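Here is a short report on one protein model. Take a look at the structure first, then read on.

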Amino acid sequence: MVGLLAWPAENGSLGVKTVRWLADPFHTLPEFPGPLAMGIDDNADAVAEHDAQESEYYRVAASSSIARTRLRLRGITDPFDPTTERQLLVGVAVMGALGVWKLGAR
């Protein structure tokens, strides 16, 4: 069961997707804006929009510790690279199967 929840997909494992959804089920929390592109600093409207998104994010984060926790949980990712995570999960599954087989032989 743990292997199914932790198996990596393109945009996160099932466990990570579940935690993200539980943190923000209705997509009401603001997104933290990415960095401005190199040539966009001359566009005052784009800079103002970026600053407004950033200030809204920080306003929500400063409103309560629950909001900060929800923002943090919504932004989590898988702890390992997907290929490494698959190898670790397969290794744990094989070791578990060997352990069950060895205990069943007694």
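Start with Leu71. Setting aside residues up to four places away in sequence, Leu71 touches Leu29, Pro30, Tyr57, Val60 and Ala61. Keep in mind that this is a predicted model.

Leu71 also belongs to the largest nonpolar core. That core has 6 residues in all: Leu29, Tyr57, Val60, Ala61, Ala67 and Leu71. Helix 3 gives the most, with 3 residues.

Next comes a helix pair. The axes of helix 2 and helix 4 come within 8 Å. They cross at roughly 150 degrees. An angle over 145 degrees counts as roughly antiparallel, so helix 2 and helix 4 are roughly antiparallel to each other. Their crossing is left-handed. The table shows which residues make the contact.

| Helix | Residue range | Residues in the contact |
|---|---|---|
| Helix 2 | residues 14–23 | Val19, Arg20 and Ala23 |
| Helix 4 | residues 65–74 | Arg70, Leu73 and Arg74 |

By class, this contact has 3 nonpolar residues, 3 charged residues and no polar ones.

Finally, turn to Gln53. Where does Gln53 sit? Its place is in helix 3. Apart from neighbours within four places in sequence, Gln53 is in contact with Glu31 and Pro33. Gln53 and Glu31 are 22 residues apart along the chain. Their C-alpha atoms are separated by 7.5 Å.

How values were computed
Residues numbered from 1 in each chain as written. Predicted model: local features only at pLDDT ≥ 70, side-chain atom pairs only at ≥ 80, totals over all residues. Heavy atoms only, no water. Axes fitted to C-alpha atoms, helices over the stretch in contact; angles between N-to-C directions. Helix = DSSP H or I, 4+ residues; strand = E, 2+ residues; numbered from the N terminus. Parallel < 35°, antiparallel > 145°, perpendicular 65-115°, else oblique. Left-handed = near helix turned anticlockwise from the far one by under 90°. Contact = heavy atoms within 4.5 Å. Nonpolar A, V, L, I, M, F, W, Y, C, P; charged D, E, K, R; others polar. Core = buried A, V, L, I, M, F, W, Y, C linked by side-chain atoms within 4.5 Å. Buried < 20%, exposed > 50% of the residue type's maximum accessible area, 1.4 Å probe, protein only.
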